[in-house]
Amino acid sequence: MKVTEKDVRYIAELSRLEISEEEMPMFTEQFNQILEYADILEKVDTTGIEPTFSILPLYNVMREDEVKPGVSHEEAMENAPAVHNDGFKVPRVIE
């Protein structure tokens, strides 16, 4: 199936992209190259190959949770630019 400039205009409209008339032949050719490559891939014999979403072994790379000592209340208040009722004082946001 060949992509025409009319198809590219339609795709651009759906994608909310602006493509100038000068760019239209280039995008049309690129779309056609992509579809030609997809046709080549369709012809590859995949008999006996298990479908998969990744060729790499997947494992959880997150670290284990460890309890670590935090900052004490007094240490946190040392960094406060202003303190009110033993807490951080911040500018009023809501009237």
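The following legends describe views of a predicted model.

**Figure 1. Overall dimensions of the protein.** The C-alpha atoms occupy a box of roughly 70 × 45 × 20 Å along the principal axes. The radius of gyration is 29 Å, whereas a compact globule of 95 residues would have one near 12 Å; the value is taken over C-alpha atoms, and the globule rule is 2.2 Å times the number of residues to the power 0.38. Of the 95 residues, 11% count as buried, that is, under 20% relative accessible area with a 1.4 Å probe and protein chains only; exposed means over 50%, and partly exposed lies in between.

**Figure 2. Glu36 in helix H2.** Helix H2 spans residues 24-42 and includes Glu36. Glu36 counts as partly exposed because its relative accessibility is 44%.

**Figure 3. Val71 in a loop.** Val71 is located in the loop between H2 and helix H3 (73-78). With a relative accessible area of 62%, Val71 is exposed. Val71 and Val44 are separated by 27 residues in sequence and by 60 Å in space, C-alpha to C-alpha.

**Notes.** Residues are numbered from 1 along each chain as its sequence is written, and side-chain values use heavy atoms, with hydrogens and water left out. Local features need pLDDT of at least 70 and side-chain atom pairs count only at pLDDT 80 or more, while totals for chains, interfaces and linings use all residues.

Note on methods
Helices (H or I, at least four residues) and strands (E, at least two) are DSSP runs, numbered from the N terminus.
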